[in-house]
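Welcome! Please take a moment to look over the chain below, and then work through the exercises.

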Amino acid sequence: MTADPARASIIDGKAFAAGLVDRVAAAAARLEAAHGVKPGLAVVIVGEDPASQVYVRNKGETTQRAGMRSDTHRLPDTTTQAELLALIATLNADPGIHGILVQLPLPGHIDASAVLGAIDPDKDVDGFHVVNAGRLAVGLPGLVPCTPLGCLMLLKAELGDLSGLNAVIVGRSNIVGKPMAQLLLAESCTVTVAHSRTRDLPALCRTADILVAAVGRPEMVRGDWIKPGSAVIDVGINRVPSRDPVKAAEGRTRLVGDVAFEEAAAVAGRITPVPGGVGPMTIACLLANTYTAACRSAGVTPESLDA
């Protein structure tokens, strides 16, 4: 948290994520000790995309640190869709694997929708399967996409009871915007989903007690869009040229969110930074989902992982 009362408190997603991983590790150890079930996560990557390689390595290392089984399947970019589907079928049938994640993007010759749809919904720790989307929509237990789940955890840790708050989500993707709306509805918020066709978006944002920005446009949300004292969750991760002209000329970049941070921090009550806000929560929630899936496979009620 910042000490300056004139500025928003910083929501430290990195610290919260580290604590969540510790809680998952402890709960997973108790699950294994009591029921003989060691949560297992299988990550599948096709091709040599550098960013995907980094993500997959980080996921594997964090999974192992949490005391879980971690399997990584690295396939060449010449892998056919049939071969990938065959691997998924094998993982679906493996009782020691409770979570399956296929790293996106996939090579162009593979239909990502068909691949994601082939994953057993009960092992779909990314929460992207249409069955899990339906479960979330009607309030049934399911696996929730990791990024919005992480956003909700941060909000509840900061604000406590969210009931009755006005929430505005800028962005309507299936990965963040739509599931975020469902999660906040389940917390009894009044939810508005805004998008590129929304009229007078700044005025709408100024009504938000909770503002979630997830559009992928660098610093689109300005300080004068923010309701004083509100909680701002910035999901965006965008690379823009360095502020230093020399570094920019060398092609150096910096990370920014979808919110103009300095402007917004002067108005909001709480805000997530980029980096160090929502980003670290994604892998932590992936482990939380894997633990949850392992519990359900064993017929055990998952422990609460709240802070």
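**Exercise 1.** Is E262 buried or exposed?

*Solution.* Before starting, note that this is a predicted model, where local features need pLDDT of at least 70, side-chain atom pairs count only at pLDDT 80 or more, and totals for chains, interfaces and linings use all residues. Residues are numbered from 1 along each chain as its sequence is written, and side-chain values use heavy atoms, with hydrogens and water left out.

Step 1: recall the cut-offs, with a 1.4 Å probe and protein chains only: buried is under 20% relative accessible area, exposed is over 50%, and partly exposed is in between.
Step 2: E262 has a relative accessible area of 51%, so E262 is exposed.

**Exercise 2.** Which side chain does E262 meet in a salt bridge?

*Solution.* Step 1: a salt bridge needs a side-chain nitrogen of Lys or Arg within 4 Å of a carboxyl oxygen of Asp or Glu.
Step 2: the partner of E262 is R7, at 3.1 Å from N to O.
Step 3: find both on the chain. E262 sits in helix α10 (residues 261-265) and R7 in the segment before β1 (9-10), 255 residues apart. Helices (H or I, at least four residues) and strands (E, at least two) are DSSP runs, numbered from the N terminus.
Step 4: R7 has 27% relative accessibility, so R7 counts as partly exposed.

**Exercise 3.** Which residue forms a salt bridge with R30?

*Solution.* Step 1: E303 does, with the closest N and O atoms 2.7 Å apart.
Step 2: R30 belongs to helix α1 (residues 13-35), while E303 lies in the segment after α11 (279-297).
Step 3: the whole structure holds 11 salt bridges.
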